[in-house]
Amino acid sequence: MDPLWVTFVKALLLCLVLLGAFAYMTLIERRLLGRMQHRHGPNRLGPLGLLQPIADALKSVFKEDITVSAADRFVYVLAPMISITFALAAFGAIPGGPAGSLFGWNPWIMDLDIGLLYVLAVTSIGVYGIFLGGWASNSKYPLLGSLRSSAQIISYELGLGLSVLSVIMIAGTLNLRAIVEINVWSVSPWLWPPLIVAFGAFVISAIAEVNRTPFDLPEAEQEIVAGYLTEYSSIKWALYQMAEYVNMMTAAAFISTLFLGGYKGPTFLEPWIPGISDWPIIWLVAKMAIFMFLFIWLRATLPRLRYDQLMRFGWVYLFEIALGAALLTGAVIAFVL
Amino acid sequence: MITFAVLAVVLVIGALGVVLLRQPVHAALSLVGTLLTLAVVFVTLEAHFLAAIQVIVYGGAIMVLFLFVIMLLNLQEEATKTRAAYRWIAYVVGVVAAAAIATGALLDPRQAPDALAVSDALRGGSPELIAQVLFGEFMLAFQLVGVLLLTAMVGAVALVQRQAETPGAR
């Protein structure tokens, strides 16, 4: 256990790093989208456009902060704060390296026995931000956006929970650090088929949970202006954007931790540089980067689903597939191992 | 003890908000706050698993559905239509019931178990302990509740489907 002040400093640093990463993720996303769509993207401000996020931040702070006069004041202001608070809080349970590897301190904020459930619980509260923001704006399109988002998140949480079940059954623990140390793939090759299916289902559900294309119906700009964001401006709008990107990063880190060995590096590098696979943070960040790229890549590639397709896909296919993977995992553990 | 006192005050205020706030969405939000505070109480008792389940099931799923229905039906502030006499009766019954429960609790000779004993029995709030009780001692009750919920679900679907099944109804 670290002393309390260390935990506090680490939590503060994590928040700052996540928000800094958010600023530069917007630049990376716009540059990558530009590249994929044969255009330049923002490249004027500083070398490679590196000062663009700072200019964007200044701009959104100094814009007029509009509060719709028909809005429910209290909930309208509360909603973006709920979004960003729970988005930042969720990351705290994800371990960044082996015990004591960060200059003698532990590279995580909380080491919970129920770390996995903690992340699921906190992210499921985050939906209130979107949901209440859309309602409090007291306007048609935001309300439609928030109704969509709540229906979508409830539907895809089933797929998410069921695909995690395979990992929980194999690892036999809810502690994220223990799950990384066990390494679910090394238990038995018999478990690979259900794990591959669960991994796929989990990635798809996670994309739906963070409202990214092709599941970005809550803010589908061609249909409902900007969904729940329509009536927000200035810093409140920026808070929602922060929450979205921090949620993406949490999802990427959560996928890596559950399925891809989290903070552990590849062991084949050990003969050259001893101890490299135990270096903290960098391996987790590298794995997260793969998924962040995947999220952006999907946005540039796939069209948005229609609402009924979204619901059918969630309830008819994803739910059954994840359930099948969980049952298969259970059967393999019970009858083969 | 101080933590519990603060949490208890927040809980009671939240619960009162559910009943007293006129706007349905505000009342539902107050309920969300109450449920989350209850999860914090579980955390102070070291019942971590229970706290997480409380947040996931009640905070994350049930209350989102509540709010979904409230927003879908666009419920507005309810004009008080009940007759004044009924309201007085309701007040009296409520106050008497609350007083009776409070007296009953205060006169109960049994001591409330102290927090240390509770957290000892929960053993860090691990899921294994709850699983042992739920799937061992109360297996039959657990399965009966499952059947009950299934019945309710089938009933609800049957009620909705009745219209569509008659030929030519669409």
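**The largest cavity and a helix pair in chain A**

H4(A) contributes the most residues, eight, to the lining of the largest cavity. The model is predicted: local features need pLDDT of at least 70, side-chain atom pairs count only at pLDDT 80 or more, and totals for chains, interfaces and linings use all residues. Residues are numbered from 1 along each chain as written, chains are lettered from A and ligands numbered from 1 in written order, and side-chain values use heavy atoms, without hydrogens and water.

Three cavities of 30 Å³ or more occur in the structure (sets of points on a 1 Å grid over the protein atoms alone where a 1.4 Å probe fits but cannot get out). The largest holds about 390 Å³ of space (the volume filled by probe spheres on points joined across faces, edges and corners). Its lining comprises 28 residues, with Thr123(A), Ile153(A), Glu209(A), Val210(A) and Asn247(A) nearest the centre (a lining residue has an atom within 4 Å of a point). Helices H3, H4, H5, H7 and H9 of chain A each give two or more residues to this lining (DSSP runs of H or I, at least four residues). By class, 17 lining residues are nonpolar, seven polar and four charged.

Of these helices, H5(A) has 32 residues and spans 46 Å from first to last C-alpha, close to the 46 Å expected at 1.5 Å a residue (1.5 Å times one less than the residue count). Gly172(A), with a positive phi near 70°, follows H5(A).

H7(A) also packs against H11(A), residues 307–336, at about 145°, with axes 9 Å apart (lines fitted to C-alpha atoms over the stretch in contact, with angles from 0 to 180 degrees between N-to-C directions).

Notes: On a 1 Å grid over the protein atoms alone, a cavity is a set of points where a 1.4 Å probe fits but cannot get out, and a pocket is an open set with protein on both sides within 12 Å along at least five of seven lines; lining residues have an atom within 4 Å of a point. Ala, Val, Leu, Ile, Met, Phe, Trp, Tyr, Cys and Pro count as nonpolar, Asp, Glu, Lys and Arg as charged, and the others, Gly among them, as polar.
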